[in-house]
Amino acid sequence: MRAIVAILVVAVVASFGLLHSGGSGAAGTADELTVGALLDLKGGWTSLGRASRVTLRLAVADANQRLARSGSSTRVRLKIIDVHGAPRAARRGLRRLAADGVRVVIGPQSSSEVRAVRAAASSLGVVLISQGSTAHALAIRGDNVFRFVPDDVREGEALVALLQRDGVDAIVRVWRDDPGNAGLARSVRERFRSMGGTVASGIPYGTMVSDFGPVLERVRAQAASLRSQGASRVAVYLAGFGEVVRLFRTASGDSLLTSLPWYGSDGVALNPRLVASPRAAAFAAGVGYPNPTVGLDRAAARRSRGLATRIKARLGHRPDAFALSAYDALRVAVNASVRAGTGDLARLKRALHRTGDGYAGVSGRLALNAAGDRAYGSFDFWSVCTDGASAAWRRTWSYLATAPGRGRIVARDPC
């Protein structure tokens with residue numbers, strides 16, 4: 001009897017190992033792979049959060065179809081937690097997912113959220129793949145964070161290339177005081193100064209500010225000071241999220257602020273709230289306000305065309321490359337989990353890097369650096385264009401990158 005029991009135990013353990021190596025590596029049964037997602041759905045970067053929710057659900061459906069066609073019994077399940085742009089909520093959400101046995105999480109989106117959960121991810125044995133975090137300070141080799149978008153250094157290069165193309169020789173920087181936007185403001189400052197431009201001291205504002213009158217008064221003062229110092233073309237660089245709608249409403253009608261060209265960041269590009277506000281949209285259209293977001297090369301545009309159409313049918317508008325990066329993140333996560341095949345975290349991280357580096361996804365071909373982040377990428381600039389009483393986003397410029405630090409500006413469809 002003891003011999004029979006021992007044989008049965010060995011058989012059960014062996015069969016579990018075979019199923020596990022067949023692709024689970026996460027919560028649920030041996031044939032179920034649960035991927036978590038920490039998204040901003042009711043607050044924070046909601047435009048990306050809601051687009052990512054649609055994109056990830058389609059990615060799960062596509063992954064399960066492929067697994068079924070291949071004869072695999074593994075199925076992917078998605079567990080989404082809304083962290084509404086709050087770092088503390090992101091930590092709580094990560095702990096909930098880890099308690100359920102989830103090992104791979106898509107997100108969180110913003111750099112402030114990633115910074116809040118980075119240490120917890122290591123202690124809990126969870127790997128994060130962010131589709132939106134860009135702070136260069138979070139490019140840390142060996143941690144449990146992968147980021148499938150270029151960091152703020154690369155976005156700064158694209159933004160400064162457009163500033164130079166437009167003949168801007170001095171800038172006033174305004175930014176939401178969080179790690180991602182602060183990193184963008186810092187990267188733009190360093191790149192613009194290295195190219196011979198003049199940069200004012202800068203104007204950060206709090207994450208909960210509602211009255212932008214004092215902020216805009218400082219913008220006026222710094223712009224006037226730069227002009228008095230001999231600058232011939234002064235611009236305002238604004239890095240933020242959806243709160244820029246309130247800022248623009250406050251700025252509208254001001255003769256000095258409307259006379260300056262404004263430039264934006266990835267956190268605002270394609271935000272539906274901005275074009276839905278007539279007053280804010282009119283201001284944005286009047287001052288230019290191109291916002292860079294990760295772009296698609298020709299090959300990626302072809303690969304993503306069908307998926308983008310499916311996403312638009314559910315979302316109401318076409319997804320940007322950040323949202324498409326979420327699709328790639330889930331596909332890489334599934335493939336790497338199947339490839340890793342064991343509960344060993346180090347093996348899973350190696351599989352994620354090997355699977356992701358060189359992966360030809362819908363957001364473009366991935367090139368991952370030593371920190372597990374996208375090494376470089378092209379950027380599209382989106383501007384608010386008005387036609388009578390209606391406003392819409394239009395791709396006005398592109399920055400085509402050929403390597404880190406190298407690229408050129410290309411005109412697209414001006415307003």
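**Note on the predicted structure**

1. Among contacts in the chain (heavy atoms within 4.5 Å) between residues at least 6 apart in sequence, 67% join residues at least 24 apart. The model is predicted: local features need pLDDT of at least 70, side-chain atom pairs count only at pLDDT 80 or more, and totals for chains, interfaces and linings use all residues. Residues are numbered from 1 along each chain as its sequence is written, and side-chain values use heavy atoms, with hydrogens and water left out.

2. The secondary structure comprises 14 helices and 16 strands, taken as DSSP runs numbered from the N terminus (helices: H or I, at least four residues; strands: E, at least two). The chain has a radius of gyration of 23 Å, close to the 22 Å given by the globule rule for 415 residues, so it is as compact as a globular protein of that length. That radius is taken over C-alpha atoms, and the rule is 2.2 Å times the number of residues to the power 0.38. Along the principal axes, the C-alpha atoms fill a box of roughly 95 × 40 × 35 Å.

3. Of the 415 residues, 56% count as buried (under 20% relative accessible area; exposed is over 50%, partly exposed in between; 1.4 Å probe, protein chains only). In soluble globular proteins, nonpolar side chains tend to be buried together.

4. Which residues does isoleucine 106 touch, not counting residues up to four places away in sequence? They are Val35, Gly36, Ala37, Leu38, Leu56, Ile129, Gln131, Ala326, Ala329 and Leu330.

5. Arginine 141 lies in the loop between E4 and strand E5 (145-147). Its relative accessibility is 70%, so arginine 141 counts as exposed. Leaving aside neighbours within four places in sequence, arginine 141 is in contact with Ala370 and Ala371. The C-alpha atoms of arginine 141 and alanine 371 are separated by 4.1 Å, although the two residues are 230 residues apart along the chain.
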